[in-house]
Amino acid sequence: MPRTAAQNKEIKDKRRNEILESALKCFALIGYKNLRIDSIAKDANCSHGLFYHYFADKQAIFKGLFSSIIQEASCLPPVDEIDVQGGLDSLKLLLNYFKKLEKSPLRNIYIVKIVFDMNYIENLPPQMASWARQFDLFKILQDKISLGQKEGHIINGDPKEIAQCFFFLIDKIFSNKIKGSPVNISEEVLLELFLKHSI
């Protein structure tokens, strides 16, 4: 018995969503600039032809992902709350957020990584770039480190370099989780690395 139109639509929608899920993972792990359609097709276990049946190119699938990312923004950092905190309290809040994120499903980690990376993608459509700018944690963290230094809580040094060290550590923690070998480092230990101590 042939499938009904509704059954065909259900199958097509399911396959499209599978390709989108693979793209989410691939964009997070490889990055927009270096990602090739081949990686998505391989992860989704589909042919290039099937990929192009649903999406015209890399930008088209990224736009498709963007729609679902906006709907799942609840897994993104609490930037409004961070914005009103002092330097040290912002750092504590961020570390708390990252530790909770580390325990969440991988999908949430992929979404957060893509949103952070969106601030560094060239030629991103203006609507996407504007939305992602509010989640530019690197810029937010630099400002909060500078504030924390003025408050006398955060170690001396270039706020940009300190923010780079912070994100390097966070990136390694999440990379290990994605690879299936999580590293258990407490918030307190991470925070101690950035605190100013009297000698």
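In this briefing, Ala, Val, Leu, Ile, Met, Phe, Trp, Tyr, Cys and Pro count as nonpolar, Asp, Glu, Lys and Arg count as charged, and the others, Gly among them, count as polar. On that basis, the lining of the largest pocket has 9 nonpolar, 3 polar and 5 charged residues. The model described here is predicted. Its chain has 11 helices and 0 strands, and the C-alpha trace spans about 80 × 35 × 25 Å along its principal axes.

**The largest pocket**

- The largest pocket holds about 430 Å³ of space.
- It is lined by 17 residues, and those closest to its centre are Phe 116, Asp 117, Asn 119, Tyr 120 and Ile 121.
- Three helices, α7 (106–118), α9 (137–151) and α10 (159–178), each supply at least two residues of this lining.
- The largest share, 3 residues, comes from α7.

**The second largest pocket**

- The volume of the second largest pocket is about 270 Å³.
- Its lining consists of 14 residues, of which Lys 113, Ile 170, Asp 171, Phe 174 and Ser 175 are the closest to the centre.
- Two or more residues of the lining are given by each of α7 and α10.
- Helix α10 gives the most to the lining of the second largest pocket, namely 6 residues.
- By class, this lining divides into 9 nonpolar, 1 polar and 4 charged residues.

**The cavity**

- The model contains 1 cavity of 30 Å³ or more.
- The largest cavity has about 30 Å³ of space.
- Phe 27, Gly 31, Tyr 32, Phe 62, Ile 114, Asp 117 and Ile 121 line the largest cavity.
- The residues lining the largest cavity are 5 nonpolar, 1 polar and 1 charged.
- Asp 117 and Ile 121 of this lining are also among the residues closest to the centre of the largest pocket.

**The contact of α1 with α7**

- Helix α1 (residues 5–30) packs against α7 at an angle of about 55°, and the two axes are 8 Å apart.
- Because angles of 65 to 115 degrees count as roughly perpendicular and those under 35 as roughly parallel, α1 is oblique to α7.
- The crossing of these two helices is left-handed.
- On the α1 side, the contact is made by Glu 21, Leu 24, Lys 25, Phe 27, Ala 28 and Leu 29; on the α7 side, the partners are Arg 107, Tyr 110, Ile 111, Lys 113 and Ile 114.
- This contact comprises 7 nonpolar, no polar and 4 charged residues.
- Phe 27 and Ile 114 take part in this contact and also belong to the lining of the largest cavity.
- Lys 113 takes part as well, and it is one of the residues closest to the centre of the second largest pocket.

**The contact of α1 with α2**

- The axes of α1 and helix α2 (residues 37–44) come within 8 Å and cross at roughly 125°.
- Since an angle must be over 145 degrees to count as roughly antiparallel, α1 is oblique to α2.
- The crossing of α1 and α2 is right-handed.
- In α1, the residues that meet α2 are Arg 15, Glu 18, Ile 19, Ser 22, Ala 23, Lys 25, Cys 26, Phe 27 and Ile 30; in α2, they are Ser 39, Ile 40, Asp 43 and Ala 44.
- The contact divides into 7 nonpolar, 2 polar and 4 charged residues.
- Lys 25 and Phe 27 of α1 meet α2 and also meet α7.

Note on methods: Residues numbered from 1 in each chain as written. Predicted model: local features only at pLDDT ≥ 70, side-chain atom pairs only at ≥ 80, totals over all residues. Heavy atoms only, no water. 1 Å grid on protein atoms, 1.4 Å probe; cavity = no way out; pocket = protein on both sides within 12 Å on 5 of 7 lines; lining within 4 Å. Points joined across faces, edges and corners; volume = space filled by probe spheres on them. Helix = DSSP H or I, 4+ residues; strand = E, 2+ residues; numbered from the N terminus. Axes fitted to C-alpha atoms, helices over the stretch in contact; angles between N-to-C directions. Left-handed = near helix turned anticlockwise from the far one by under 90°. Contact = heavy atoms within 4.5 Å.
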